[in-house]
Amino acid sequence: MAESWVNSAERIGADLHLDLAAHAGAGGRRAALARALREAVRAGRLAPGTRLPPYRSLAADLGVARNTVADAYAELVAEGWLTARQGSGTRVAERARPARRTERPSRGAPAPARGPRHDLRQGTPDASAFPRAAWLASYRRALNRAPNEVFGPGDPAGRIELREALTEYLARARGVRTRPDRIVICSGFAHALRLLFGQDRGAPGGVLRGPLAVEGYGLEFHRELLAAAGVRTVPLPLDEDGARVDLLARERAVLLTPAHQFPTGGPLHAERRAAVTDWARARGAVVIEDDYDGEFRYDRKPVGAMQGLDPEQVVFVGSVSKSLSPAVRLGWMVLPERLVGDVLAAKGEREASASVLDQLSLADLIASGAYDRHVRRMRQRYRSRRDRLVAALAAHAPHVEVTGVAAGLHAVLRLPPGTERSTVKAATWQGVALDGLAAFRHPAATETAMAATQTAMPARDGLVVGYATPLEHAYEAALEALCQVLPPAPDAG
């Protein structure tokens, strides 16, 4: 009986290149089919996006029960190998493509894989966790309720429905003090910077002027954007209490990540929060608060927004790029009253950057409570990911200190001096994508730290490891690959 089934599967299932005989064993027909499909995906014979035959068709081809195929498909969907959506059938998941074999260079060094097998770069949430059903429900409700004016030119301030929903949500979840008329919708943090400092359409000079104080570590992309607008940035050293705001001098504004310093981790100390708002008030300056991952705190109560200390001196900027997806191009600026008119003038008479229908969908998602439920669910998932990363390092690389893990979607791994560059290179060869800490250091940060007091944070070797991006079924393998490329303890032979 088993022999005739295997022979039938080999013959009729050949168009899918399924060698069920090689996978026969424990678990019977369902397990053999699941193993064969899994191997076909892993080897690249079934490419991402490939639509698989319906249950009934494949069952008839293989001579097995329909439930056998359905159960095998369901198992692979749960593991992340396949995706199933009503109306579009079962498909191979859009996962990392298998590495191709490449010829060794003439000197015998192994060639790196084409594209990372494991993506541990920071800044991206779990794309598979986007709340498709909740977003679709909100989109449909918003579309059905939308007045006709929605389909005309958009208000540059953003839809009032979203600004009202954000007023309530930010007050409740982040301690922000504002009104709907003080909120301007944008497409994300980079767009907010362009509106504030120029290089956006209609705002050649920008609303604010430099020089701009920034934290000694941050995104190079933001520094490049500001440099293109002609803004000189002055780095502030960091220590265990955050940015050294006591070194602020003649700058006109300061850009901070006070809830969770990016990328080193840790909140800005309460005394420094008060000090920087006092400085801004005394000088007529502005504090720009980048609340890039304020929803994701794990080890203590959420750190509220600094904006609540003085709404007239702080520009609070947030987005859904971490909580939902960077593909949803929506963010917001909560502005001091004196800046609202200038920002709206910089933006122009019509909404040109953020989809009005997406704004209405997000407003409904927040008002219905679905956004809160999604954030709570993702907070639990990311905390579990964080805990597994910490446990893996404790077991396999206890000499590597892990920091910045009280919040966010990434951790900083402190390495022995002089090992960062070689570790990043080794990770690349092994198909592990991650960032070295040096990539985030302001070019003048080291010199500034040397000129400051002994409490300034010195430059250190380290890795910035994102734990949100890998698919769940691939996360353990990513952690194993990470541990394999870490340098040994300094006293190890």
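**Exercise 1.** Describe how helix α4 packs against helix α5.

*Solution.* Start with the geometry. Helix α4 spans residues 55-62 and helix α5 spans residues 66-79. Their axes lie 8 Å apart, at an angle of about 120°. That angle makes α4 oblique to α5. Angles under 35 degrees count as roughly parallel, over 145 as roughly antiparallel, 65 to 115 as roughly perpendicular and the rest as oblique. Axes are lines fitted to C-alpha atoms, over the stretch in contact, and angles run from 0 to 180 degrees between N-to-C directions. Helices (H or I, at least four residues) and strands (E, at least two) are DSSP runs, numbered from the N terminus.

This is a predicted model: local features need pLDDT of at least 70, side-chain atom pairs count only at pLDDT 80 or more, and totals for chains, interfaces and linings use all residues. Residues are numbered from 1 along each chain as its sequence is written, and side-chain values use heavy atoms, leaving out hydrogens and water.

**Exercise 2.** Which residues of α4 and α5 meet?

*Solution.* Take α4: Tyr55, Arg56, Leu58 and Ala59 take part. Their partners in α5 are Arg66, Val69, Ala70 and Tyr73. Contact means heavy atoms within 4.5 Å. Now sort by class: 6 residues are nonpolar, none is polar and 2 are charged. Here Ala, Val, Leu, Ile, Met, Phe, Trp, Tyr, Cys and Pro count as nonpolar, Asp, Glu, Lys and Arg as charged, and the others, Gly among them, as polar.

**Exercise 3.** Locate the salt bridge of arginine 145 and aspartate 364, and state whether each residue is buried or exposed.

*Solution.* The two side chains meet at 3.3 Å, N to O. A salt bridge is a side-chain nitrogen of Lys or Arg within 4 Å of a carboxyl oxygen of Asp or Glu. Arginine 145 sits in helix α6 (residues 132-145), aspartate 364 in helix α12 (residues 356-367), 219 residues apart. Arginine 145 is exposed, at 60% relative accessibility. Aspartate 364 is buried, at 11%. Buried means under 20% relative accessible area, exposed over 50%, partly exposed in between (1.4 Å probe, protein chains only).

**Exercise 4.** How many salt bridges does the whole structure hold?

*Solution.* The search finds 25. A network of salt bridges links Asp126, Arg381, Arg385, Arg388, Glu472 and Glu476.
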